[in-house]
Amino acid sequence: MKFLSAFFSVSVLALLSSGCTTVVIDEYRRSTGELALGDSVVILGRRHSSDYETEPDLIDCVGKTLHNPKSGVTVIPERQFVDAMYPWFEPRTAPMHIKSLDKLMDIPDVRDRMEKYGVKYIVWIDGSTETTSSAGSIGCSIGTAGAGCFGFGTWDKESDYEASVWDFRDQELSGKISADAQGTSYMPAIVVPIPLIARVQNNACKGMAAQLQEFLLPPQSASR
Amino acid sequence: MNRLLKGIDAIRYLTLVASVSLLAACAHTVSVDGEFPAPVGSPHPLTVGVYLSDDFRQFTYSENRDDRDEWNINTGRAQKNLFETVLGSMFKETVNLAQYPTNLPQGLDLVIVPEVRELQFTMPRETRVNIFEVWIKYDMHAYNQQGESVAEWVITAYGKTPTAFLKSQEAALAQAINVALRDAGATLYTGFERVPELQAFIANKQRALSMKQTGDNQ
């Protein structure tokens with residue numbers, strides 16, 4: 001019974017504690033936000049690189065965090081938009097530059113669908129989260145007297161994302177937001193492993209979403 | 001003596017069971033069953049027959065090399081769905097043909113017959129990049145109503161999935177194949193008009209239609 005209560009205490013401790021993360025957000029703005037009632041935002045991940053892929057769950061996280069119709073931000077989910085516009089936003093066919101949007105808008109059905117969705121901004125997020133280093137070791141053993149783990153493990157994660165905000169109606173680059181996050185996770189194990197996880201990708205997502213909200217809304221609405 | 005023979009039989013049986021279990025453990029089966037969205041765009045003014053052979057509909061890529069586990073990858077159903085959906089939206093009218101070249105319905109401008117030429121894949125441990133990659137190559141044939149070749153072209157498709165996204169090798173590979181098939185659909189749709197013979201064929205058809213319309217108006 002004592003062992004069980006100790007186990008639960010450790011689990012709760014592990015859930016409550018987490019590794020430290022630092023997030024640095026930079027912004028380059030060319031125009032002020034003009035998101036109006038009925039306008040929507042599309043957040044898409046770049047998937048053209050051969051050695052990494054912007055994670056769909058990060059795009060999903062930014063979209064869900066940003067989506068708040070009451071404050072004036074309506075986000076169309078990535079999958080829904082890419083399927084609705086197939087095959088024009090696939091990794092190989094997606095416009096890489098704002099100028100390429102012109103060509104796409106020459107197709108009447110594509111233009112109609114974009115207008116139907118009320119797309120004002122397209123936000124392209126490019127980057128990934130990687131484990132940069134790891135150290136330590138944990139050993140577990142089972143014996144007649146019981147089981148347990150001993151040791152210490154640590155690993156560093158780094159997120160590096162850049163969001164390019166395209167004003168779809170004015171066909172111009174509105175600005176860029178970059179998010180660099182770093183964090184170290186620890187796993188001490190004294191009988192039970194206690195994970196102290198640094199939520200690097202999640203913090204990068206939250207930081208980017210907060211900055212995007214400020215970016216996309218007109219100045220007086222953003223302060224609400 | 002009898003007991004000894006029975007013992008040897010039992011060892012043989014156990015060895016056989018162990019070998020079969022080991023072989024089964026190394027064999028991977030992937031069945032891809034994707035649904036694909038219809039493309040957005042104006043259809044070409046053609047009536048097209050599409051023939052997907054039984055080999056194409058049930059295509060299974062099997063590989064059993066010394067340096068790899070055994071893989072059986074069935075993409076038949078998914079690629080049937082893809083080609084039916086994409087080709088079905090590309091033309092004014094599309095007729096799915098149960099057989100070719102016999103019993104062709106009248107009034108077809110073209111008959112399109114795709115074939116799988118090649119499927120390749122790499123696993124993360126082979127490339128040292130945490131990505132599953134798939135390449136598929138299709139040979140595309142377009143014939144006229146008389147069965148003469150109008151155009152032949154190749155579609156290459158590529159798909160990848162990072163390992164971190166999925167739980168098993170099979171699921172990761174199936175996901176990469178679905179990405180490759182979406183890419184094949186995109187290339188088929190956007191590249192059709194870039195094939196010189198087809199470009200000329202569509203231009204002729206459009207000219208004939210506009211002449212007919214002018215004649216009707218007069």
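Helix α5 (residues 169-191) of chain B lies across β6, β7 and β8 of chain B and runs at about 145° to β8(B). This is a predicted model, in which local features need pLDDT of at least 70, side-chain atom pairs count only at pLDDT 80 or more, and totals for chains, interfaces and linings use all residues. Residues are numbered from 1 along each chain as its sequence is written, and chains are lettered from A and ligands numbered from 1 in the order in which they are written.

**Terms**
- Helices (H or I, at least four residues) and strands (E, at least two) are DSSP runs, numbered from the N terminus.
- Strands pair if DSSP finds at least two bridges between them.
- Angles run from 0 to 180 degrees between N-to-C directions, with axes fitted as lines to C-alpha atoms, for helices over the stretch in contact.
- Residues are in contact if their C-beta atoms, placed from the backbone, lie within 7 Å.

**Sheet of chain B**
- An open sheet with mixed pairing is formed by five strands of chain B, ordered β5-β2-β6-β7-β8.
- In chain B, β5 (91-97) and β8 (149-162) each have a single partner strand, so one side of each is left without a neighbour in the sheet.
- On average, neighbouring strands of this sheet are turned by 25° against each other, direction ignored.
- β6 (residues 110-122) and β7 (residues 131-143) of chain B pair in the antiparallel sense over eleven bridges; Pro114(B) stands opposite Met140(B) in β7(B).

**Sheet of chain A**
- Chain A has an open, mixed sheet of six strands in the order β1-β6-β5-β4-β2-β3.
- Its edge strands, β1 (21-29) and β3 (75-76) of chain A, pair on one side only.
- Antiparallel pairing over 22 bridges joins β4 (residues 119-143) and β5 (residues 146-167) of chain A.

Key
Contact = placed C-beta atoms within 7 Å.
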